[in-house]
Amino acid sequence: MELVETPSPQIEQVDLPGDIVVVDSPALEVLDAARPELAVLDESGGLILIDTPSLEFAELGVQGPPGIQGIPGPSGGVALQLTAGVALGGNRLITGAAQYADSSDAATAGRAIGITAGAASAGALVDVVVAGELDGFGGLTINSPVYASVNGTFTQTEPVTGYSQQVGIAVSASKLMVRLFPPIILG
């Protein structure tokens, strides 16, 4: 039997018991019309051709044990873990090298990636919030922008030297909605 591909494949999908998907594919033109073909999508999304008119379905097994615990991190938002390049304090703006970002140095503009969710010693893993809420600040003015400042700290007064980069907005006196904006190099 010979199969020929057509230029515009369109797959009609039919769900059958047992979570097995059987497709009748016009993308595959069967030259022997006396023997209709069926194709089954395998786990990787490839098509497996079955050249038999009957199918047997196995029942699904029972749920397996839970997987391993995921990487710890703060709740909500988007976080990642980095290995601290230096000892880091909590709620500090850092670069991809896991060192403090510093808005007074225009040469480092654009290197900030997120805010530490806790302290970490050099060489230890540190959780970094790149988007979402982060608590633990003090004295923020609600609904006002928060900017990068020196040595990984923050200010609600826009910088006038180095670069200006808004890192979020205060949603309460102690909580920041983290969202890093592109830096603006200052003259």
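1. Pro-159 is buried, with a relative accessible area of 16%, where buried stands for under 20% relative accessible area, exposed for over 50% and partly exposed for what lies in between (1.4 Å probe, protein chains only). Not counting residues up to four places away in sequence, Pro-159 touches Ser-103, Tyr-147, Ala-148, Ser-164 and Leu-186, contact being defined as heavy atoms within 4.5 Å. Of these, Tyr-147 is 12 residues from Pro-159 in sequence, and the two C-alpha atoms are 7.7 Å apart in space.

2. On the basis of this note: the model is predicted, so that local features need pLDDT of at least 70 and side-chain atom pairs count only at pLDDT 80 or more, while totals for chains, interfaces and linings use all residues. Residues are numbered from 1 along each chain as its sequence is written, and side-chain values use heavy atoms, with hydrogens and water left out.

3. As to the overall picture, the secondary structure of the protein chain comes to zero helices and 16 strands. Buried residues make up 27% of the 187 residues in the chain, and among contacts with a separation of 6 or more, 49% are accounted for by residues 24 or more positions apart. The accessible surface of the chain is about 11,400 Å², with 55% of it belonging to carbon and sulfur atoms; such areas come from the Shrake-Rupley method with a 1.4 Å probe, and for residues only the protein chains shown count as cover.

4. The largest nonpolar core has 15 residues, and those with the most contacts inside it are Leu-93, Ile-115, Leu-134, Phe-137, Val-146, Leu-176 and Val-178; a core of this kind is a set of buried Ala, Val, Leu, Ile, Met, Phe, Trp, Tyr and Cys residues joined through side-chain atoms within 4.5 Å. At least two residues of this core come from each of β9 (112–116), β10, β11, β14 (166–170) and β15 (175–179). A second, separate core holds eight residues, including Ala-84, Leu-88, Ile-94 and Ala-98. In soluble globular proteins, nonpolar side chains tend to be buried together.

5. Phe-137 is in the loop between β10 (125–135) and β11 (145–148), whereas Phe-154 is in strand β12 (residues 154–155), and the two, 17 residues apart, link distant parts of the chain. Phe-137 is itself buried, at a relative accessible area of 14%.

6. The structure holds one salt bridge, that is, a side-chain nitrogen of Lys or Arg within 4 Å of a carboxyl oxygen of Asp or Glu. The partners are Lys-175 and Glu-133, at 3.5 Å from N to O; Lys-175 belongs to strand β15 and Glu-133 to strand β10, 42 residues apart, so that the pair links distant parts of the chain. Lys-175 is partly exposed, with a relative accessible area of 25%, and Glu-133 also counts as partly exposed, at 39%.

7. Gln-165 lies in the loop between β13 (163–164) and β14 and counts as buried at 3% relative accessibility. Not counting residues up to four places away in sequence, Gln-165 touches Ala-112, Val-146, Tyr-147, Ala-148, Leu-180, Phe-181, Pro-182 and Pro-183.

8. Most residues other than glycine have a negative phi, and most peptide bonds are trans. Asn-143, however, has a positive phi of about 65°; Asn-143 is found in the loop between β10 and β11 and is exposed, with a relative accessible area of 60%. Asn-151 has a positive phi of about 55°, lies in the loop between β11 and β12 and is partly exposed at 41%.

Technical notes
Helices (H or I, at least four residues) and strands (E, at least two) are DSSP runs, numbered from the N terminus.
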